[in-house]
Amino acid sequence: MLKVTIDGKTIEVPAGTTVLDAAKMLDIPIPTLCHHPKLTPFGGCRLCIVEIKGIPRPVTSCTTPVSDNMEVTTSTPQIEDLRKTVLELILSDHPNDCMVCEKAGDCTLQELAYFYGIRENRFAGERRIYTKKDGNPFLERDMEKCILCGRCVKVCDEVQGVGAIDFTYRGFKSKICPPYEKDLDCEFCGQCVAVCPTGALTGKQWAHKGRQKDIKEIDTICPYCGTGCNITLHVSRNEVIRVTSKEDTWNEGWLCVKGRFGYKFINSPDRLKKPLIKKNGKFEEASWDEALDYIATRLNEIKAKHGADAIGGLSSARCTNEENYLFQKLIRAAIGTNNIDHCARL
Amino acid sequence: MNNLEIKVCMGTGGIAAGGTDVLSAFDSALKERSIPAELQMGCSMHKVGCRGLCAKDVLVDVLIDDSRTTYQYIKPEMVQRIVDEHIVGGNPVSEWLVKEDYHNFHEKQIKVVLSDCGNIDPEDINSYISVGGYKATEKVFATMKPEDVIAEIKKSGLRGRGGAGFPTGVKWEACRGVQPNLQMGQKYIICNADEGDPGAFMDRAVIEGNPHAVIEGMVIGAYAIGASKGYVYIRAEYPLAVERLKLAIAAARERRFIGKNILDSGFDFDIKIKLGAGAFVCGEETALIASIEGQRGMPRAKPPFPVYQGLWGKPTVINNVETLANIPYIIVKGADWFSSYGTEKSKGTKVFALTGKVKNTGLIEVPMGITLKEIIYDIGGGIENDKKLKAVQTGGPSGGCITPDMLDINVDYESLAKVGSIVGSGGMIVLDEDDCMVNVAKYFLSFTQAESCGKCVPCRIGTKRLLEILNRITKGKGKEDDIELLLKLGSDVKSASLCGLGQTAPNPVLSTIKYFREEYEAHLQGKCPAKVCRDLLTYSIIEEFCKGCGACLRACPAGAITGEKKQPHKIAPEICVKCGACFDVCKFKAVGRE
């Protein structure tokens with residue numbers, strides 16, 4: 001264990017702990033933009049700089065491991081001044097259209113600009129303007145809002161193992177994009193959207209559907225497969241407008257394209273809400289009692305005529321464990337056959 | 001006459017000036033002409049690397065019985081006469097010989113790294129061996145333990161020549177001290193040949209002129225730290241250096257100076273070449289490592305330092321070309337010999353690329369601690385056209401300016417740092433009264449801001465904003481507090497940037513403001529004192545001098561000048577594009593520039 005003193009408070013941390021993490025343990029806030037707890041440190045935004053006794057220049061707390069008896073100061077007039085300059089520089093190359101931005105109210109950059117009270121900008125100048133929009137079906141990529149924190153690049157590489165995007169160009173023209181600036185053509189897991197601290201990456205289908213502050217969040221389990229990821233439905237005006245996942249769940253907040261973007265069926269007009277029975281070659285609406293009676297009668301008839309093994313059951317990965325358990329019980333005990341299988345085995 | 005040797009300068013400069021044709025002209029002239037028969041046996045021709053004064057290329061040495069005669073500005077058609085009159089006739093062609101300035105240029109130089117450059121054939125390993133090459137490798141494997149090598153290099157006081165000046169022996173010792181576990185036991189040594197400063201060509205010249213010295217330095221370094229693999233990270237824009245390095249590595253491997261079981265010592269070490277794709281930031285060591293690994297060349301925060309976690313996460317030493325090229329000479333001649341040159345804290349010599357408004361531009365090697373005055377006036381021959389010296393810029397885009405009143409300063413790491421400049425990798429640009437210091441700062445900033453990798457905010461956006469402010473100042477659109485804003489932003493970018501590129505990029509701005517603030521102020525008043533910034537100039541005809549010759553009228557590309565023959569002409573300011581063509585063409589000084 002290493003002893004570190006941050007702003008006068010002392011704590012012992014295991015070797016390898018960064019100064020930023022140690023500060024977090026002590027409830028000492030340090031502003032960050034490019035840092036993400038699940039990703040390797042980047043050290044690009046420079047907001048988390050701190051002073052460390054014995055080191056002549058400010059260092060980024062996210063990349064600096066604690067050494068024994070280290071003395072850290074997280075906030076001095078010089079440090080705050082540097083942070084303000086850095087924020088002003090970021091905002092000098094940002095559309096600053098929070099009024100209509102999808103991310104407003106849920107944006108780390110906006111929040112920091114608020115805390116540092118940045119209204120005027122000493123460094124106003126040329127801004128990156130991109131006219132080409134990405135034609136992919138899921139992700140809105142507004143690269144003018146991108147602050148090049150690199151979180152999306154890292155999550156795509158380190159978590160998803162896809163590497164669909166990376167830094168391109170140099171200097172002020174640096175940009176994150178897919179190879180040859182083509183339209184994004186990846187798994188569309190949307191992990192990049194989940195980690196983006198600004199409005200640069202959002203979901204196309206949740207545009208103009210509701211502000212985060214007006215949203216009711218409902219935690220549930222993703223119904224798509226047997227993995228059972230924890231998801232949070234964002235409900236606005238009685239409609240699910242977005243799906244996210246929380247970091248403190250067993251799936252650590254990561255989702256796939258189905259879980260994150262495949263929620264439109266909930267409010268789809270084509271969705272089946274009542275059972276249908278085919279009568280005279282046409283499907284007709286029926287009551288649940290009617291449908292279940294019909295199924296029971298037919299199963300009994302088939303079993304009597306051809307034996308139980310003429311019947312088989314195929315269950316779904318979208319059902320819960322309990323539902324699948326009951327279903328195999330029905331097939332094995334009530335019908336009396338071992339012809340039971342599951343789509344996730346395919 | 002028993003022995004005839006002809007050496008043609010064929011570095012990149014020599015080849016560009018026609019060295020290849022000169023060499024073949026000698027070849028055919030000597031074959032065709034009646035060269036004394038007894039000479040045929042002892043006659044040899046060599047291409048040699050740069051000897052520093054590329055401005056006088058093609059330089060040719062004619063050595064008859066080891067007596068050297070040097071010719072300058074040689075073209076293929078001049079070769080016949082040299083063969084006829086000098087080699088056959090015995091009388092050197094006096095008007096083509098190098099002049100006093102060539103000798104002055106070399107007189108105050110002390111060549112260690114460059115001692116064999118321009119003398120040996122870089123494409124022939126025997127040529128290097130004939131001047132004592134690979135003696136150091138033999139000595140190391142025959143008589144020295146790795147610890148002895150490190151002790152010797154530490155004792156020599158050699159410091160990194162790439163710019164930062166970190167003691168080489170200390171770096172090696174740190175890497176030697178890292179004991180990797182057995183399965184992961186690999187260590188690496190990397191030669192940083194990604195020379196990217198505008199106007200700097202020291203490393204290129206060393207590799208083009210004497211690649212084996214670099215290879216030897218790497219072998220000895222590898223032995224000292226315990227590395228079995230080495231990389232040379234070299235710019236693809238240096239095709240000749242790459243070619244010669246490839247030849248040299250192959251030849252060294254054949255002679256078992258590298259490869260398996262070097263000189264039967266049981267030590268294995270081999271070298272790979274990795275071509276850089278032209279990013280300035282890849283000269284930064286962590287970006288360089290990322291680039292070798294196949295990643296985008298972006299620096300990462302240190303610690304961990306590469307000696308602990310470098311290439312592929314393994315302990316890695318990265319040394320600059322010039323640093324490594326010093327090693328064999330230190331091993332052979334001893335640490336005491338090396339440290340007899342230089343100052344207390346800066347030992348040995350340093351290679352500089354002397355450029356700008358100086359009479360003799362080129363590559364020089366001087367002992368650390370020489371005064372700037374000696375470099376500029378003795379070696380450089382003074383300022384071109386005898387104009388007034390304004391400043392000397394050292395350290396390239398990371399460096400700063402030194403003013404004429406500081407010419408007695410010693411050129412070493414500490415003294416230059418004290419006045420706000422750096423030794424850097426060795427760029428030295430001489431500026432005269434015709435240079436605008438705001439424009440100089442703008443030039444360097446436009447380079448660094450374009451070469452920023454984009455990773456960290458202060459460098460990516462900060463350098464862009466600094467450049468924008470400089471741009472508006474040179475366009476006459478500067479704001480009252482722009483100088484203060486430059487100082488503030490410059491110092492913040494220095495403090496907050498991730499790597500050396502951003503941490504030093506504002507130096508040219510801060511240093512020019514420090515010493516030439518009045519020039520910035522003049523620009524804010526709408527005047528460029530050096531008359532460089534086009535937007536601040538107005539051209540007009542001074543009627544009393546104008547003879548009405550029409551030269552300016554014909555030269556003007558914009559049609560802004562009107563006038564009858566033999567009558568004073570006029571420039572229409574609204575049409576004038578301020579190109580200065582009229583000013584240059586007028587023989588009567590009748591065009592005024594304000």
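This is a predicted model: local features need pLDDT of at least 70, side-chain atom pairs count only at pLDDT 80 or more; totals for chains, interfaces and linings use all residues.

Domains. Chain A is split into three stretches: domain 1 covers 2–75, domain 2 covers 212–271, and domain 3 covers 289–345. Take domain 1 and domain 2 of chain A. Their C-alpha centres are 34 Å apart.

Now the sheet, still in chain A. Three strands make an open sheet, in the order β10-β11-β12. The pairing is antiparallel. Which strands stand at the edges? β10 (216–221) and β12 (239–244) of chain A do. Each has a single partner strand, so one side of each lacks a neighbour in the sheet. On average, neighbouring strands here are turned by 35° against each other, ignoring direction.

Look at one pairing in detail. β11 of chain A, residues 230–236, runs antiparallel to β12(A), with five bridges between them. Ser236(A) sits opposite Glu239(A) of β12(A).

Over to chain B, and two helices. α10 of chain B spans residues 202–209, and α14 of chain B spans 321–333. They pack at about 40°, and their axes are 9 Å apart. Parallel or oblique? Angles under 35 degrees would count as roughly parallel, and α10(B) and α14(B) are therefore oblique to each other.

Who makes the contact? From α10(B), it's Asp203(B), Val206(B) and Ile207(B). From α14(B), it's Val321(B), Glu322(B) and Ala325(B). By type, the residues in this contact of α10(B) with α14(B) are four nonpolar, two charged and no polar.

That's my part. Comments, please.

Note on methods:
Residues are numbered from 1 along each chain as its sequence is written. Chains are lettered from A and ligands numbered from 1 in the order in which they are written. Side-chain values use heavy atoms; hydrogens and water are left out. Two strands pair if DSSP finds at least two bridges between them. Helices (H or I, at least four residues) and strands (E, at least two) are DSSP runs, numbered from the N terminus. Axes are lines fitted to C-alpha atoms, for helices over the stretch in contact, and angles run from 0 to 180 degrees between N-to-C directions. Domain bounds come from an automatic or database domain assignment. Angles under 35 degrees count as roughly parallel, over 145 as roughly antiparallel, 65 to 115 as roughly perpendicular and the rest as oblique. Contact means heavy atoms within 4.5 Å. Ala, Val, Leu, Ile, Met, Phe, Trp, Tyr, Cys and Pro count as nonpolar, Asp, Glu, Lys and Arg as charged, and the others, Gly among them, as polar.
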